[in-house]
Structures are given as structure tokens and as C-alpha cells.
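This report describes helix packing, cores and sheets in the structure shown below.

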Amino acid sequence: MKRRTGSLVFGGVVILGVFAYLAWGAVGSNVVYFLTPGELLARTPEARGVAVRLGGMVEQGSVRWDAERRELRFRLQDGTHAVEVLSVGAPPQMFAEGMGAVVEGVFTDGVFRSHNVMVKHSNEYRAPQAGEQPAEYYRQLFRTQSR
Amino acid sequence: MTRFVGQLAILLALATSAAGALLAFAAARGARSLFPARRAAGALLALVALAVLAMEYALLRHDFSVQYVTQVGSLETPVFYTIISLWSALEGSILLWALILAVYTAALAQWQRRQPDAGVATGGGYTLGTLFVVNVFFLLLLAWPANPFGLVSPAPMNGPGPNPLLQNHPFMGVHPPLLYLGYVGLAVPFAFAMGALFSGQLGPAWPRAIRRWTLVPWGFLSLGIVAGAWWSYEVLGWGGYWAWDPVENASFMPWLTATAFLHSVMVAERREMLKTWTLSLVIATFLLTLLGTFLTRSGVIASVHAFTQSLIGPFFLAFFGVTLLVALGLLAARAETLRAPAQLDSPLARESAFLANNLLFVAFTFVVLLGTMYPLIAEAARGVKVSVGAPYFNRMNVPLALALVLLSGLGPALPWRRGSPRAVLAKLRWPAVGAVVVGIVCAAVGVRAFGAWITIVLAAMAVGLLVEETIGPARARARAHGEHPFAAVRGSVLANPRRYGGYIAHFGVLVAAVGIAVSASYRREREWTLRPGQSAVYGRYAIQLDSVWALEEPHRDAVIAGVHAFRDGQPLARLYPRLNYYRNSNQPIATPAVREGAEDLYLVLSAYAEDGSTATVKAIITPLVTWIWCGGIILAAGVVFALVPARVARR
């Protein structure tokens, strides 16, 4: 009688153990690394062709928007290194040179092909600091409309 | 003055709950009256309610000398969002937590008063005392590291207002309270488990009591999770409803273990088996609520929901550790009493279905826990920053979820103890035929995505089994009493609300499962940059941009696109996707416009030209999303049905 309960528990533990092993393998191969341009370039051999998130600043004067082909090109830099980014689709509303951005995609042949461009806001919610003018952008729309 | 009242109420509540714990434990040990401890529960509720009222008063009066108000208040925030900003940051949400915990504590004390025998048989003072200890912990947080009533001097003239995401949709008034009613209420079954272990009264009374006391918070938690998914769909603007975000996972993991418990407790109640396991599930559920709160409120894991970093992390970790040690010690000490007198008779029985269910739910919990914790492990062990993507969760969980879908119909069809293979096969026949027909029809009308197809087929099979299990007893009844078939169904369902409440809940889960599978497989999206008057065609749909304009509101400004949507050439709806600019945020919040139906048309304004000459609009078309929300409501209806008629019948 006792043996049967024991074997039941044992069976359950074995099944869960095998499952845990599978899950551990799956999680290891499904992580997305978060890198800066410098880290990405330093890890180029291993990071090539793997989906990563790249975070940095949009380099001044680097943004090119091809409305015909709906292609956005810009350079993302971390102060010392820069990576060329190519993405298809319109940039998000607040996208601008000099802003922080995070792109998701794959680095191949020296170009980071992104399927998702996010304007960086720290995960911690933060109120704007003095000098920042969040409302500035939309006000231009008011101005042009009231003209 | 408001600060003083609030602070004093919290300190008195802390003292009251400490006294309540001592009185309750003393009553349990000395067999003295529980009366003073019950009085303490009432006083505790009054004091915490007073603290909440003081906070609401401070929020509504814009009293910026109160620390929490300077954090989330602003003169421009509309009254509704000012009221609900009670739960838009850390300290206030702990205050809401304490209020709900006090409500549950008072309700437990009332229940013990009204049903003294059941109260004593389920741990009595030990149970109430444990719940008081949990209260002490949360009030300690409010008195010290998460004190919302701190003094700000000099008081500022105005504040930033709540986090823009939390004041963008009225549903913010519904989702967090529902979730908290569930999340916090899971402390009650934990208290029952500890009460049973402390008192050593492990007879037949506790499974029944804990089951009922779990069903209520579990129902709220289910609704809260679905409401959160709906909120994220309506607000976040990416057309999805679940992102395996740490905070979502934190609410989902206790739901998984509580669901496993609700099933294993039936085995414990009926066969006096799996007692240790069942108690472990209750304890694990409570521990997961603590762990989830620690992960998401201490700043160790970044998340959309994460509030500011705070000292409460170490507090939660310490409370988690102490609870774990005490619970494990008690389980070990009571191992002899918990041994099952009965035995599993046959693999083809309801008991085995429950065991399989539990194994699947525990595996599910493990997958979510590992995925949530992995970034922490990777950063600690290898110093790399990683996030675990949805593919991991989906790949591991989808097979488990499919097995659960089938089991939700198969389990109720199996008899207790021992089923004959012949009888079981006879029961499977018609539902299997039905499932095959559904499968062929689906393939014929073009449901070719395997994930969606298999989910529909298995869900059809499960629904067939549930229907059969409803018709079977009704038919026997009609034959025995010569009743009309409809009257017989009604009679047998009302005679056993607990069972049929469960079937209704299962049906709700199946509806939601089909919604999830189909919406995940057949989502499609497209984006255009349009000039006013220009239109774009997308499958059966066409959208036409009318104009783009700006709107100034007291607490925010908005840019709105007016869009005409057509389906099959017929006007469908006029939709207004917009971008909201809050004064306290440096990026706009996109508010999608959704036309809900069998297929949702979801429009997002992603960008516009500054002179209003163009707007970039994204259309996301997803079928059967509404089934998920309906499934949640059906599930809640099942819980209500399982709890309410029994009570009415008893009167």
C-alpha cells in the first residue's frame, strides 16, 4: 500500500524532472540579449544572425527616411561605437536624432536589420526633468492649424 | 491633519492586528473565547478603512504635504482618475492591499462566529491568528518602508499626476481592485492551511472550508487577469493582450497553483488522499503571491508595471523565507497525520484525471516561474542582460494547455475510484464523432493553422463531454420522475450547483482557449501613411482618413485621426485612434480605436505630419479576441453559480 503511493510520487517527480530539464534547455535557447553597439561589435561572431535588442542613442545627422520604399536608416551609438540600423516602416512619433532608442532585430553583414524600433524610455516611469518640453512636438500641429 | 489621522490609523491598525494575532493564538491554545480576537478583526477593518479614507481625502483635496499625493496627484487630473490614483503607485497600492486583507479578515471572523463548529474544526484561533500575522506584515510596510503619509515640506503647489498609462483608460478603475481582491484573498486559504497544520485538525472539515474560501478569491483573480488582458489590449496599442511580462506572470502563477488546488482538494475531500500535496499547493499559492510582489515591486526585474524601487524588497524576501520555513516545518511535523488511508484504485478514474491535471498545472507554473526568474539568474551568474521572449513561453506552455483543454472534458466524464474501459469508451463515442465533424468543417472553411485547428477540435471534444455529462443525469431523472426533459436538466443542474458551476467554469476556459488560439494564429496587420480623403484597402476592409486634428484637454493634449472604416464595401464604423500627450510624460501614449466583433478591427495612430497633411495609421485585424473576454465572464458566472444557489437552498 505504501509502496504504491511511493511509486506514484516517484513517477510524478521523474516526469517533472524531465520536464524541468526540457524547460531549462528551452529558456536558454530563447533568450534575447540586450546589448549596446560596443558590446554587439565585440561579440560579432557569436551575435551574428541571433535576435538581439540593441540600445543606444540615435546619432545626429544619421537618419535617412526613404518614403518610397518605406525604409528607415540611422546609426545607433553608445559614445564610442556605432551600428548601422535598417528598418522597414514609419518611425514612431517621438523618434528623433539624439534620442535614446531600442531596436529589436538581427545583425548581419554589418547592418542591423530591425523589425521593431522603440523610442527609449526607461522602464522606470519618470516625470520629465526641467528643460524637457514634452508638449513641444504636438504644439507645432496647433500652430500650423491655427495659421 | 489628514496626514496625522492616516498615520495614526495605520499605527493603531498595526497594534490591533498584532494584538489580534496574540489573542487568537492564545484562544486556540487555551481553548478560551475567540471573542476578543474577532472584535480586533472588526476594529482592524475600521482603522484601515479610516486610513484609506484619509488618503482619498488628501488626494481629492490635493493636499501636497502628503508624500503620496505629491507623487501621483495633480490639480489637472480628472476626479475619477484622482480617486483611483490610490493604486497607481507603490505605497497606495499596498494601502489598498491592506484594506482588502482587513475585509477578508473581518469576513473570516464573522464566518467563525456564525459557524462556530466549522470554525473550530478548521483551526479556529490558529487560522484567524495566521491571517492577523499577514496583516501585521503589510501594516508594517505601510508604517515604515512604504509609508504613504510621509510629510513633504514645503508642500509643492502641484504634482505630476499618475503615470500616464494608468490614467488613459477608465478600466484602470476596475482591473486593479479585481486583481487585488483575488491576489490578496489567497491569504485566506493559506491561513486555513496553517490553521489545520497548527491545530492538527486534519479531518474532513478543512477541505470543504478552504475550497469555498479559495473559490471567491480565485474567481476575482480570474476576472482580474482577464480584465488586465483587456486593459492592455485597449490601452497599450500593440494589438496584443498578453506579453508574458513579469507582472502578468506574477498574477498568473498563483492562479495556476490555486486552480490545481481547487481540483486536488476534491480528491482530499472525497477520498482523504493527497492531503499533504493539497496543503502544499495552498501554501505555494500564497508564497507565489509574495514572490511575485517581491519580483515586481522591489525593482529587481524591470517591467511595464514596475513602480519605483523601494526598500520593501528585503521585507518581502524575509517574510517569504520565514513563511516557507514555518510551512515546511509544520508539514514535516504533521506528516504522520496527513498519511492517506485510501489508495488509488485504478488509473481509469476521476482521481487520476485530477492527478494529471495537477501535474500539468505544476509544470505550467514551473515554466512561467523559470521564464520570469531567468533574467535574474543570467545576470547574477553570467553578468549578461537578457529577456526571455514569448517563444519560450509559448513553445513550452502550448502543449500543456492543449492537454488541459482535453482534460477539462475528460476528467468530469470519468467515474470516481474505478472506471470500466467499456463505459468510458461509450461516453467518448459521440463527443469524438462531434469533434471529428468540427475538425472537418473547420478545415473545409479554411482554418488551416495547426495550433488553432487542434485547439478547436479538442475544445469541441471537451464541450461534447460536458454536454453529455449534463444530459446523462437529466435523462435518468426524466425517466425516474417522468419530467419534461428541460425541467429535468434544470432540476439536476440546480440540485448540484457545485458540479455544474464547475462545468460552466470549464466551458468558459474552453471558450477563452479557442479565442486565444485563433487570435494568435490569424492576426494580421498593415500600416499606411494617408492624406486626408485618401483611403486604403486591406482584404475585406477599407479605411479612409478624414482629417487629423489636435485637441486640448485639462490634463492632456491629443492628436486625433478621424477614420471611416468599411467592410465589404459597407460602412462599418467611424473610429478615432489618437495619441495622447500627458504633461508628465516625454512620450505620447497611443490610444487605439477598436471596433469589436467576430473579427476586431484595431486602429492605431502611429505618426502624423506636424502640419496635419498626413497620418500613419496601423490596422490590426484579429478574429475571436472577444471570445477571451466572454470566456472570462462565463468562468466567473460558473464560480457564482457554484457558490450562490447552495447558500440560497440552505436558507
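Helix 1 of chain B and helix 7 of chain B are roughly antiparallel to each other in this predicted model, because the angle at which they pack, about 160°, lies in the range over 145 degrees. Their axes are 8 Å apart. Helix 1 of chain B passes helix 7 of chain B in a left-handed crossing. The residues of helix 1 of chain B that meet helix 7 of chain B include B:Ile10, B:Leu14, B:Ala21, B:Phe25 and B:Ala28. On the side of helix 7 of chain B, the residues in this contact include B:Gly125, B:Leu128, B:Phe132, B:Val136 and B:Leu139.

Helix 1 (residues 2-30) of chain B also packs against helix 2 (residues 35-60) of chain B, where the axes come within 8 Å and cross at roughly 160°. Helix 1 of chain B and helix 2 of chain B are therefore roughly antiparallel to each other. The crossing of helix 1 of chain B past helix 2 of chain B is left-handed.

Which residues touch the most other members of the largest nonpolar core? They are B:Ala98 and B:Ala187, in a core of 191 residues. Helix 10 (residues 205-235) of chain B supplies the largest share of this core, with 16 residues. Apart from this core lies another of 29 residues, including B:Leu575, B:Ala590, B:Ala593 and B:Val594. Not counting residues up to four places away in sequence, B:Ala187 touches B:Leu101, B:Tyr104, B:Leu131, B:Val134 and B:Phe286.

Helix 8 (residues 175-185) of chain B is mostly covered, with ten of its eleven residues buried. Among the buried residues of helix 8 of chain B are B:His175, B:Pro176, B:Leu178, B:Tyr180 and B:Gly182; B:Tyr183, B:Val184 and B:Gly185 are buried as well. The cover over the buried residues of helix 8 of chain B includes helix 5 (90-114), helix 9 (187-199), helix 10, helix 11 (246-271) and helix 12 (275-297) of chain B.

**A four-stranded sheet in chain B**

Chain B has an open sheet of four strands in the order 2-11-10-9, with antiparallel pairing. Strand 2 (524-530) and strand 9 (593-595) of chain B stand at the edges and have a single partner strand each, so one side of each is left without a neighbour in the sheet. On average, neighbouring strands of this sheet are turned by 20° against each other, direction ignored.

Seven bridges pair strand 2 of chain B with strand 11 (residues 615-623) of chain B in the antiparallel sense. B:Trp528 has B:Val617 in strand 11 of chain B as its bridge partner.

B:Arg523 lies in the loop between helix 20 (497-521) and strand 2 of chain B. Is B:Arg523 buried or partly exposed? B:Arg523 counts as partly exposed because it has 16 C-beta neighbours inside 10 Å, where 20 or more would be needed for a buried residue. B:Arg523 and B:Ile621 are 98 residues apart in sequence, yet 5.8 Å apart in space, C-alpha to C-alpha. Not counting residues up to four places away in sequence, B:Arg523 touches B:Gly239, B:Ile620 and B:Thr622.

**Chain A**

Chain A has four helices and seven strands, and its elements run α-β-α-α-β-β-β-β-β-β-α from the N terminus on. Of its 147 residues, 20% count as buried. Among the contacts in chain A with a separation of 6 or more, 45% are between residues 24 or more positions apart.

| Strand paired with strand 4 of chain A | Bridges | Bridge pair |
|---|---|---|
| Strand 2 (residues 51-58) of chain A | two | A:Met57 with A:Gln77 |
| Strand 5 (residues 82-88) of chain A | seven | A:Leu76 with A:Val83 |

Strand 3 and strand 4 of chain A form a hairpin with four residues between them, and A:Arg70 in the turn has a positive phi of about 55°. The hairpin of strand 4 and strand 5 of chain A has four residues between the strands, and there A:Gly79 takes a positive phi near 105°.

Terms used
Residues numbered from 1 in each chain as written. Chains lettered and ligands numbered in written order. Predicted model: local features only at pLDDT ≥ 70, side-chain atom pairs only at ≥ 80, totals over all residues. Core = buried A, V, L, I, M, F, W, Y, C linked by C-beta atoms within 7 Å. Buried ≥ 20, exposed ≤ 12 C-beta atoms within 10 Å, placed from the backbone. Contact = placed C-beta atoms within 7 Å. Pairing = 2+ DSSP bridges. Axes fitted to C-alpha atoms, helices over the stretch in contact; angles between N-to-C directions. Parallel < 35°, antiparallel > 145°, perpendicular 65-115°, else oblique. Left-handed = near helix turned anticlockwise from the far one by under 90°.
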